[in-house]
Amino acid sequence: MATTTTTEAATEVAHEGAKAGMPQLDPTHFANQIFWLAVTLVLIFFVLKLVALPRIGGTLATRRGTIINDLAAAEELKQKVAAAENAYNEALVSARAEAGKIVTAAKADIQLDLNAAIAKADAEISAKAEESAGRIGEIRAGAQDAISEVAKDTAGELVAALGGQSDTASITAAVNARLKG
């Protein structure tokens, strides 16, 4: 009987505590609270399992797929950029080589034109030099004749002015001897 009185005494103390304050701490309600706790946890588990987790999993799967697709697209673009860069470099090298060939060909053409112009100018200069030499020879011959005539006339006039007899043959011989040196 002693055990029952202890239990009864504890129950009375618990009732007094419940009356005084918090009914959750009343041991007579523990079984009911545990039952509803289990029902609530099972209900939360099924709501999470059937509604929330599939949506979260779907969102994660979609996000993972998007990330994978974006990474694949980025890798593909990276390869395209590398290919484009290689093509650009090859085109640049080819263009430089072609430009070098064009410059070399242009230099050769210009050199040929220059050589032809120089040859033409040399031929014209030679022709003009020969023409000038011919004219100079004619002028020199004309000048020699004119000098000879002037010298003969002057010598004849001097001889006549000095009172001498001018002989054309002796004046011509004297002027020709003097002109020869």
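Glu131 and Arg135 sit four residues apart in helix H2, so about one helical turn separates them. In this predicted model, the two form a salt bridge, and their closest N and O atoms are 2.8 Å apart. How exposed is Glu131? Glu131 has a relative accessible area of 43%, which makes it partly exposed.

Side chains of opposite charge can pair when their charged atoms come close.

How many salt bridges turn up in a search of the whole structure? The search finds two. Besides the Glu131 and Arg135 pair, there's a salt bridge between Lys80 and Glu76, with 3.4 Å between the closest N and O atoms.

As for Glu76, its relative accessibility is 43%, so it counts as partly exposed.

## Aromatic pairs

Now for the rings. A pair of aromatic rings is described by the distance of the centres and the angle of the planes. The count here comes to two aromatic pairs. Take Phe35 and Trp36: their ring centres are 5.1 Å apart and their planes meet at 75°, and because an angle over 60 degrees counts as edge-to-face, that's the label this pair gets. Phe35 is partly exposed at 48% relative accessible area, and Trp36, at 49% relative accessibility, is partly exposed as well.

Then there are Phe45 and Phe46. Their ring centres lie 5.5 Å apart with the planes at 70°, so this pair is edge-to-face too. Phe45 has a relative accessible area of 47% and is partly exposed. Phe46 comes in at 41% relative accessibility, so it also counts as partly exposed.

## A negative patch

Which residues gather in a patch of negative charge on the surface? They are Asp145, Glu149, Asp153 and Glu157.

Let's zoom in on one of them, Glu149. You'll find Glu149 in helix H2, which covers residues 30-161. With 44% relative accessibility, Glu149 counts as partly exposed. Joining a patch takes over 30% relative accessible area and no salt bridge, so the 44% of Glu149 clears that accessibility cut-off.

Technical notes:
Residues numbered from 1 in each chain as written. Predicted model: local features only at pLDDT ≥ 70, side-chain atom pairs only at ≥ 80, totals over all residues. Heavy atoms only, no water. Patch = residues over 30% accessible without salt bridge, like charges linked within 9 Å, V, L, I, M, F, W, Y side chains within 5 Å. Areas by Shrake-Rupley, 256 points an atom, 1.4 Å probe, with all protein chains shown as cover. Salt bridge = Lys/Arg side-chain N within 4 Å of Asp/Glu carboxyl O. Lys, Arg positive; Asp, Glu negative; His and termini not counted. Charge placed at Lys NZ, Arg CZ, Asp CG, Glu CD. Helix = DSSP H or I, 4+ residues; strand = E, 2+ residues; numbered from the N terminus. Buried < 20%, exposed > 50% of the residue type's maximum accessible area, 1.4 Å probe, protein only. Phe/Tyr/Trp six-rings, centres within 6.5 Å; stacked < 30°, edge-to-face > 60°.
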